[in-house]
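Q: Hi! Could you walk me through this model? I'd like to start with the backbone and then move on to the rings.

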Amino acid sequence: NRVYRVDIVGGGSSDEGPEADRNAAPERLVAKFYRPGRWSDDAILEDHRFTQQLADAELPVIPPLADEAGRTLFFHGGHRFALYPCRGGRPPELDDPDHLEQLGRLIARIHAIGATEPFKFRTVFDIESMGEEPRAYLMQCDLVPDYLRQNYGVLTAELLEQVRAQFARCSGVAQIRLHGDLHPGNVLWTEAGPHLVDFDDARTGPAIQDLWMFLSGDRAYMTARLADLLAGYCEFCDFDPLELHLIEALRTLRMIHHVAWIARRWSDPAFPRAFPGFLEPRFWEDHIHNLREQVELLQQPVLVWD
C-alpha cells in the first residue's frame, strides 16, 4: 500500500469567514491507497468493519472515516483508498513492565471481541502462505546469490519441517480474528496510553501472533517480558500456554515472508531506496545466519510462563 499524510487547509467551515479558514491549523488525515490485487474489496471492508467494531467498544484503535452514506472504501482513477484521522504518538517502551501490561490488556480486549465471530474474506496464518510459497518464490527469483542458493534451499526446507511440527503440536489452539501485524511500530503511545494503527494485515490465527513480536532478546529477557504481557492479557482473556510453542515458528515464518515481500516488489522504485543493501551478498549471508539461529531456537524448550 501507499500511505500519505494529507493536510486539509481552508475547508470553509469557520464561522469567522474565509480569512480565518486560511489561517486555521490544517486538518490532518492519512490516505491509504491499496495495492491492486492484494485484497479483494470484501476483505478490505472486513478490515474496516473489524476496526470499527473495536472502536465502538471504546478500544483505542483508528477506524477509517466514513462518508454520509457510511462508505469507507473509495475509488478514484482505478485506485482504491481509505481515509483515517491522523493520530500521533511515540513507540512503546518494551523495557517498561507497565507498558507491557497495558499492551497485554488492550490486546486481550481486542481478542475477546475477535473471538465473537469469524472473518469470512480475510486469510489465515498458515505455513503455506507465510512460508512455503515465499520460499518457492525466493528459490526461483534471481535475487538470491547463486553461491548461496543451495544452502538457502536446504536450510529453509529444514526450518519449515520444524515449523510444521510445532504447528501440528498446537493444532487444537483457538483461531480468532487478530490485528495480525502487531509489531511495536503499529503501537503509538500518548499520555492516555497506547493506541493501535494499521489493521491492514488483520487475519485469522492464534492469539500469540499478536504477542510474540514484543518478545526478543535472550531467554531470560523474553521470559520476563512474556510475564509482563500476560499479566495484563489474563485480566481480560484466558491464554492457552500451548501457544507458546508457536513463538519461534511464527518468527521463522515472518523472516522468510519478509524477505520474499521485498523481493517481489524490488521493481518498485520505493524498495531499493528503503532497502539499499538488499542485493549485496552481506544481506543474504546475514539472513542465512539469522535463519540458522532459528534452527536451534526451534529446538529449545518453550518459554516458561507461571
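Q: Where does Asp198 lie?
A: Asp198 is in the loop between strand S7 (193–196) and strand S8 (204–205). Helices (H or I, at least four residues) and strands (E, at least two) are DSSP runs, numbered from the N terminus. A word on the basis: this is a predicted model, where local features need pLDDT of at least 70, side-chain atom pairs count only at pLDDT 80 or more, and totals for chains, interfaces and linings use all residues. Residues are numbered from 1 along each chain as its sequence is written, and side-chain values use heavy atoms, with hydrogens and water left out.

Q: Thanks! What is the phi of Asp198?
A: Asp198 has a positive phi of about 60°, although it is not a glycine. Most residues other than glycine have a negative phi.

Q: And where is Glu58 found?
A: Glu58 sits in the loop between helix H2 (41–56) and strand S3 (74–76). Glu58 is not a glycine either, yet its phi is positive, at about 65°.

Q: Is Glu58 buried or exposed?
A: Glu58 is exposed, because its relative accessible area is 70%. The cut-offs are under 20% for buried, over 50% for exposed and partly exposed in between (1.4 Å probe, protein chains only). Asp198 is partly exposed, with 30%.

Q: OK, strand S8 next. Which residues does Thr204 touch, leaving out those up to four places away in sequence?
A: Thr204, which is found in strand S8, touches Phe119, Thr123, Val124, Phe125, Gln175, Ile176 and Leu178. Contact here means heavy atoms within 4.5 Å. Thr204 counts as buried, since its relative accessibility is 14%.

Q: Now the rings! How many aromatic pairs does a search of the whole structure find?
A: The search finds 15 aromatic pairs. Rings of Phe, Tyr and Trp (its six-membered ring) pair if their centres lie within 6.5 Å; planes under 30 degrees apart count as stacked, over 60 as edge-to-face and the rest as tilted. One of the pairs is Phe74 with Phe81: the centres are 5.7 Å apart and the planes are at 40°, so this pair is tilted. Phe74 is buried at 17% relative accessible area, and Phe81 is buried at 16%.

Q: What about Phe239 and Trp305, what kind of pair do they form?
A: That one is edge-to-face, with 5.6 Å centre to centre and 85° between the planes. Phe239 lies in the loop between helix H6 (219–233) and helix H7 (247–264), and Trp305 in the segment after helix H9 (281–297), so the pair ties together parts that are 66 residues apart in sequence. Phe239 counts as buried at 8%, whereas Trp305 is partly exposed at 26%.

Q: Which residues form one aromatic cluster?
A: Tyr152, Trp266, Phe278, Phe283 and Trp284 do.

Q: Let's zoom out. How many helices and strands does the protein chain have?
A: The protein chain has 9 helices and 8 strands. Its C-alpha trace spans about 70 × 45 × 35 Å along the principal axes.

Q: Last one: what share of the residues is buried?
A: Buried residues make up 44% of the 306 in the protein chain.
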